[in-house]
Amino acid sequence: MSLLASANFVSAENVSLPRSTPEAQGISSSAILDFLESADKNFNADTNAVHSFMLVRHGYVVAEGWWSPYDAETRHKMFSLSKSFTSTAVGLAIADGKLSLNDSVISFFPDDAPENPGDNLKAMRVRDLLIMSSGQNADTIAQLGNVLGSFGRTNESLTKAFLHAPMEVKPGTLFIYNTPGTYMLSAIVQKATGEKVFDYLRPRLFAPLGIENATWDESPQGVTLGGIGLNIRTEDIAKLGQLYLQKGNWNGKQLIPAAWVEAATTKQTSNGSNPGSDWEQGYGYQFWRARHGIFRGDGLYGQFCIVMPEQDAVVAMTGGTRDMAGVMNLIWDKLLPAMQTNPLPANDEACEKLKAKLASLTLLQPKGSATSEMAGQVSGKIYSFPTNAFDIDSVKFDFNGGDATLMVRSRGKEHKISIGNQRWEKGEWIDFVAGADWRVADAVEQSVAASGAWSADDTYTAKLAYYETPLAIRFIFRFAGEKILLLNVNYSVTLGDMKSGMIVGEAK
């Protein structure tokens, strides 16, 4: 995205959630360990991974873990989990008397509106945007999404494009997921309060919760993206969930009106009728209803804020998975039935096993030998590639025992990547992402960690984990005389086309 706003809240209370043992809060360490082992088995692959997990019960964190190189203090992209924060801003603005649910959307943008707006556009209200029922069909929303996705390469106004787009049905009558609609909510809050959503939430939400060093992408027009773009820590997710679990009350202060919490997390519109689907249990104000009396905010590739009112629990997770339903099913199957009403007897042995598991979590690394006879022959050579879909101009490996340094030249710029063997090596920030269709964030440097191994005498596999995002990329190189073959580039997740096809480079 084009602009990145950051917040280092000097006035934040900088409070962490209190910690406790699982048994003291009525859930066994063994049940959580069973959940983690299942997650590690089923959601720790190159294309399907969980990155972090935190369980809060009765207001206490009873388990927390990060799959290395992800960690407790590093922000992670939230994608659509951002929407629940924007919804909170709308609720606060309503409580401040700045706007109402029934305000006409078009009334906030007289300069961007069509000269002769249609009846459906005139009928669109703030509430319609909150419940994903803007009156636009899926094709129109997809076209507006292209405008949102082009930020950083165009100055086109999404508010103007949104108001000039067709309104095929009456607003409020048809649920279709609409990220541009959440951007409009952000723009409305900004118009109504005179502050960007990010700035508006700082003293009202982020500072009281102790959420520090957050960032949130902006449009070229200086509007917080709203529907996407927020970057926070796992515990920050848990704090939002706990705040909503507590009906907006935090340390004796009512940060959000309880009535807004109730309305936002209650079914406001139907989004399907399949009783077995967690995407068809109803939708609130930028919150999903789920099975088992649960509500949640979630984001693409497994960013979760799951609130369990009946169990007085919150699950916060980040990830890079293409199977979000599978992650939720694992929570329902392993954690939900394990939560008991009363405290359980202490179990030091089980608790220590759980702690050991949580401390040892790591993202899947390339398997193989630390070194090879080939390493000395190819170390230091520069291999040039013809024009290719991965935007790789040349590579150079320097092998030093089991570790390596990879120099990648891409689009005229050089990027140095430190690679560990049987461990993740965190190196310099880079703005290299192989393949132009996957944009973590245009023109923004990314934190990267790398791990590598020789899977055969002539074949080296390197994996890059962009550990503030869901993205990891695995490269398989084969050395053959004066040639290098890039056999495979595998993306954990992708926002565009999957790149494929072998490319061949030659030593200079």
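1. Tyr301 is found in the loop that joins strand 11 (295–299) to strand 12 (303–308). Its phi is positive, at about 70 degrees, although Tyr301 is not a glycine. Is Tyr301 buried or exposed? Its relative accessible area is 9%, and buried means under 20%, so Tyr301 counts as buried. All of this is read from a predicted model.

2. Asn213 also has a positive phi, of about 60 degrees, and is not a glycine. It lies in the loop between helix 8 (197–209) and strand 6 (214–218). Asn213 has a relative accessibility of 37% and therefore counts as partly exposed, whereas Tyr301 is buried.

3. Pro69 has its place in the loop between strand 4 (60–66) and strand 5 (76–77).

4. Asp278 sits in the loop between helix 10 (258–264) and strand 10 (288–289). With a relative accessible area of 4%, Asp278 is buried. Which side chain does the side chain of Asp278 meet in a polar contact? The partner is the side chain of Arg291, at 2.8 Å. Apart from neighbours within four places in sequence, Asp278 is in contact with Arg289, Ala290, Arg291, Arg296, Met328, Asn329 and Trp332.

5. Thr159 belongs to helix 6, which covers residues 158–164. Its relative accessibility is 8%, so Thr159 counts as buried. The side chain of Thr159 makes a polar contact of 2.9 Å with the side chain of Asp112. Leaving out residues up to four places away in sequence, Thr159 touches Phe109, Asp112, Tyr183, Met184 and Ala187.

6. Helix 7 (residues 179–193) can be viewed together with helix 2 (residues 82–95): their axes come within 10 Å and cross at roughly 35 degrees. The crossing of helix 2 past helix 7 is left-handed. On the helix 2 side, the contact is made by Lys83, Thr86, Ala89, Val90 and Ala93. On the helix 7 side, it is made by Thr179, Thr182, Leu185, Ser186, Val189 and Thr193. How many residues of each class take part in this contact? There are five nonpolar, five polar and one charged.

7. Ser394 has its place in strand 15 (residues 394–400). It is buried, with a relative accessible area of 9%. Ser394 and Ser410 are 16 residues apart along the chain, and their C-alpha atoms are separated by 7.2 Å. Not counting residues up to four places away in sequence, Ser394 touches Ile382, Tyr383, Ser384, Phe385, Met407, Val408 and Arg409.

8. A last point concerns confidence. The chain has an average pLDDT of 93, and 94% of the residues score at least 70. Over residues 8–12, however, the pLDDT is below 50, and this stretch has ten contacts in the model beyond near neighbours in sequence. Over residues 439–443 the pLDDT is likewise below 50, with 14 contacts in the model beyond near neighbours in sequence.

Notes
Residues numbered from 1 in each chain as written. Predicted model: local features only at pLDDT ≥ 70, side-chain atom pairs only at ≥ 80, totals over all residues. Heavy atoms only, no water. Helix = DSSP H or I, 4+ residues; strand = E, 2+ residues; numbered from the N terminus. Buried < 20%, exposed > 50% of the residue type's maximum accessible area, 1.4 Å probe, protein only. Polar contact = N/O pair within 3.5 Å; in protein donor to acceptor, adjacent residues only side chain to side chain. Contact = heavy atoms within 4.5 Å. pLDDT = per-residue confidence, 0-100. Axes fitted to C-alpha atoms, helices over the stretch in contact; angles between N-to-C directions. Left-handed = near helix turned anticlockwise from the far one by under 90°. Nonpolar A, V, L, I, M, F, W, Y, C, P; charged D, E, K, R; others polar.
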